[in-house]
Protein chains: 2
Amino acid sequence: MEKTNIIKRIVDAGLKKTKYRVNIIDLLEKADNLLSANDIHSILLKENTKVDLSTVYRTLDKLTKNNIINRIELEKENKSLYEYNRKKHHHFMICKNCNKIETIYECPLSEYEEKIQADSNFLITGHKIEFYGYCKDCQKKLKIN
Amino acid sequence: MEKTNIIKRIVDAGLKKTKYRVNIIDLLEKADNLLSANDIHSILLKENTKVDLSTVYRTLDKLTKNNIINRIELEKENKSLYEYNRKKHHHFMICKNCNKIETIYECPLSEYEEKIQADSNFLITGHKIEFYGYCKDCQKKLKIN
DNA sequence: CTCAATGCAAACCGTTTGCATGCTC
DNA sequence: GAGCATGCAAACGGTTTGCATTGAG
């Protein structure tokens, strides 16, 4: 994504444009996997962008609350992970052996939510699914199948 | 559940029968909601069963690994919750307002897993679903609908 | 100029661990 | 008696917070 578009997203959200916000959005937009606050902090330091961890946390918080990025909390991860918000509803598959995370861009639950709602007292507004299993490599490694 | 049955479960799992293991299983079996390590610790103290928090953690760990209880990690809870393992596959609904947790004893994903598997390189062995929304009380309170 | 963003250091909180002692089998 | 379970105190790791300083609009 172009820098100008990143800045537009920040300003459109009513946020101040700062160095770290631009940097972090850029970085997440380019990343092809989920990143933790610590991952992001390390990457920035490696790029000679000196920044405090607490600033990274505060930035991620702001961007999450403004729906520019998503905070993902997965079972067995003791930390939050972040992704650029591409506005496409999706879920994850997690390898129980190597912890690789793959995205599923498809959702089986749209009609089911209505059904559940009819049966319950809850007004359902969303859901989260995680699939567990073994990725291709680990199936081989562990000789599963 | 009778004490003798609890003890049977412990012994059958090849574990030593100890005071706290019996106590904690009993407590979780009777509980009608999910409990945290800290909840359990407090309840035991209140019942005049003096026990260290670290022992509670170690006990919960052992029981989880032996499938006598389940460890549940829900989004937005920064701590693990535990339930007695009734061996029935189920999911949870979480109220975004009051955090009430309700159980859904029904699963929409059994066939879907096969489909996803055909489309991907993963060998899927399980999944987890959380539904978010508003419970009956909070719908009223917040005047939703 | 004002208020929000940042750096720094310290606190927080759930959880884990090392070690000496106690208990179950 | 051997080895696991427990208590105690301390560490751990991700995250948050208070406060003084800097920077964006």
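Predicted model: local features only at pLDDT ≥ 70, side-chain atom pairs only at ≥ 80, totals over all residues.
Residues are numbered from 1 along each chain as its sequence is written, while chains are lettered from A and ligands numbered from 1 in the order in which they are written. Local features need pLDDT of at least 70, side-chain atom pairs count only at pLDDT 80 or more, and totals for chains, interfaces and linings use all residues, with side-chain values resting on heavy atoms and leaving out hydrogens and water.

Chain A is assigned domain 1 (1-87) and domain 2 (89-145), with bounds that come from an automatic or database domain assignment. The C-alpha centres of these two domains of chain A lie 24 Å apart, and nine residues of domain 1 of chain A are in contact with eight residues of domain 2 of chain A, contact meaning heavy atoms within 4.5 Å. Together the two domains of chain A bury about 620 Å², to which carbon and sulfur atoms give 59%; buried area is the accessible area (1.4 Å probe) that two parts lose on being put together, summed over both. Of the area that domain 1 of chain A buries against domain 2 of chain A, 52% is supplied by A:Leu74, A:Glu75 and A:Glu83, more than by any other three residues. Between the two domains of chain A there are zero salt bridges, a salt bridge being a side-chain nitrogen of Lys or Arg within 4 Å of a carboxyl oxygen of Asp or Glu.

The contact between the two chains takes 40 residues from chain A and 40 residues from chain B. Here the buried area is about 3,300 Å², of which carbon and sulfur atoms give 61%, and A:Phe122, A:Leu123 and A:Lys128 supply 21% of what chain A buries against chain B, more than any other three residues. Four salt bridges are found across the interface of chain A and chain B, and the side chains of A:Glu75 and B:Lys128 meet in a salt bridge with an N to O distance of 2.7 Å. On the side of chain A that touches chain B, at least two residues each come from strand E4 (91-95), strand E5 (101-104), helix H5 (110-119), strand E6 (123-134) and helix H6 (136-141) of chain A, where helices (H or I, at least four residues) and strands (E, at least two) are DSSP runs numbered from the N terminus. The largest share of that side, twelve residues, comes from E6(A).

DNA strand D has 21 residues around it, of which A:Tyr57, B:Tyr20, B:Arg21, B:Thr55 and B:Arg58 come nearest; a residue is near a strand if one of its heavy atoms lies within 4 Å of it. Sugar and phosphate make up 69% of the atoms of DNA strand D that come within 4 Å of the protein. A polar side-chain atom of B:Arg21 lies 2.3 Å from a phosphate oxygen of DNA strand D, and for B:Tyr20 the corresponding distance is 2.7 Å. For B:Thr18, an N or O atom in the side chain is 3.1 Å from a phosphate oxygen of DNA strand D. Helix H4 (53-65) of chain A, together with helix H2 (19-30) and helix H4 (53-65) of chain B, each supply at least two residues of the surface near DNA strand D, and H4(B) gives the most, with five residues.

Key:
Polar contact = N/O pair within 3.5 Å; in protein donor to acceptor, adjacent residues only side chain to side chain.
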